[in-house]
Structure formats: structure tokens, C-alpha cells
Amino acid sequence: MSETSQQIVSLIVSKEINKAKNLITESMNEKLGLLLEEKLMEYAPTLFEAHKKGHLDPVEKEDGEKEDGDIDNDGDTDKSDDYLENRRNAIAVAIKKKK
């Protein structure tokens, strides 16, 4: 049994139910956060790495220069670039509608 599980059982036995509940919630949130981060990296690793590093192509290039297809600058054009392009287009449409 893990240390956290032992603490939870101990708290329940000593009738400190609120503390046990809080420890369970903290433990579950921590595990869920790790699993979510793992899944995000599994589905779009280059997208999230580029975003963390701040190396995404600008929305609009200066001097009318045409944007290449590699928006996240990971060396290839793939689904993560398509996702970013579609997201930017959707945001641009929403902004135009709002004006």
C-alpha cells in the first residue's frame, strides 16, 4: 500500500474524515494532472513543445511575406500545423463577427 493510501486509512480510522477527503482529492488531482499532460504530449507533442518555447510563426508575417505551412516550426508540416491554422482562422472569423 502506498504512503498516501496508508495516511488516508489512518485518517479514516481516527475519524478525521474531512482530512482524509482532502488528501484523496489532492492525490486524485495530482494524478489526473499528470495523466492529462501525458495525453496532451502524446496527441500533439510538437504543438505543445513549440508553444512552451514560444517559437510559433506569427499570425501575419511582416512585409506581406507569405507564411510557410510549418506554423509550429518543428521542421515539417503536419496535423499540428493544420490545427493551428484552423484555430487562427476561427479566431479571426470570431473577431470579425464581433466588430
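Colleague: Which helix has the lowest mean pLDDT, and which the highest?

Modeller: This is a predicted model. Among the elements of the chain, helix α3 (residues 45–53) has the lowest mean pLDDT, at 58. Helix α1 (residues 3–13) has the highest, at 92.

Colleague: OK, the fold. How many helices and strands are there?

Modeller: Four helices and zero strands. Along the sequence that reads α-α-α-α.

Colleague: What about α2, how far does it reach?

Modeller: α2 has 27 residues. From first C-alpha to last it reaches 39 Å, close to the 39 Å expected at 1.5 Å a residue.

Colleague: Which residues of α2 are buried?

Modeller: A20, L23 and S27.

Colleague: What covers them?

Modeller: The cover over the buried residues of α2 includes α1.

Colleague: And how much of the whole chain is buried?

Modeller: Buried residues make up 16% of the 99 residues.

Colleague: Which residues form a nonpolar patch on the surface?

Modeller: I24, M28, L32 and L35. Together they have about 360 Å² of accessible area.

Colleague: Where does L32 lie?

Modeller: In helix α2, which covers residues 17–43.

Colleague: Why can L32 be part of a surface patch?

Modeller: Patch residues need over 30% relative accessible area. L32 qualifies on that count because its value is 46%, which makes it partly exposed.

Colleague: Switching topic. How many salt bridges does a search of the whole structure find?

Modeller: One. The side chains of K19 and E16 meet in it, at 3.1 Å from N to O.

Colleague: Are those two buried or exposed?

Modeller: K19 counts as exposed, because its relative accessibility is 52% and the cut-off for exposed is over 50%. E16 has a relative accessible area of 28%, so it is partly exposed.

Colleague: Last one. What share of the contacts with a separation of 6 or more joins residues 24 or more positions apart?

Modeller: That share is 21% in this chain.

Colleague: Thanks. I'll go back to the picture now.

Conventions:
Residues numbered from 1 in each chain as written. Predicted model: local features only at pLDDT ≥ 70, side-chain atom pairs only at ≥ 80, totals over all residues. Heavy atoms only, no water. Patch = residues over 30% accessible without salt bridge, like charges linked within 9 Å, V, L, I, M, F, W, Y side chains within 5 Å. Areas by Shrake-Rupley, 256 points an atom, 1.4 Å probe, with all protein chains shown as cover. Salt bridge = Lys/Arg side-chain N within 4 Å of Asp/Glu carboxyl O. Helix = DSSP H or I, 4+ residues; strand = E, 2+ residues; numbered from the N terminus. Buried < 20%, exposed > 50% of the residue type's maximum accessible area, 1.4 Å probe, protein only. Contact = heavy atoms within 4.5 Å. pLDDT = per-residue confidence, 0-100. Expected span 1.5 Å × (residues − 1).
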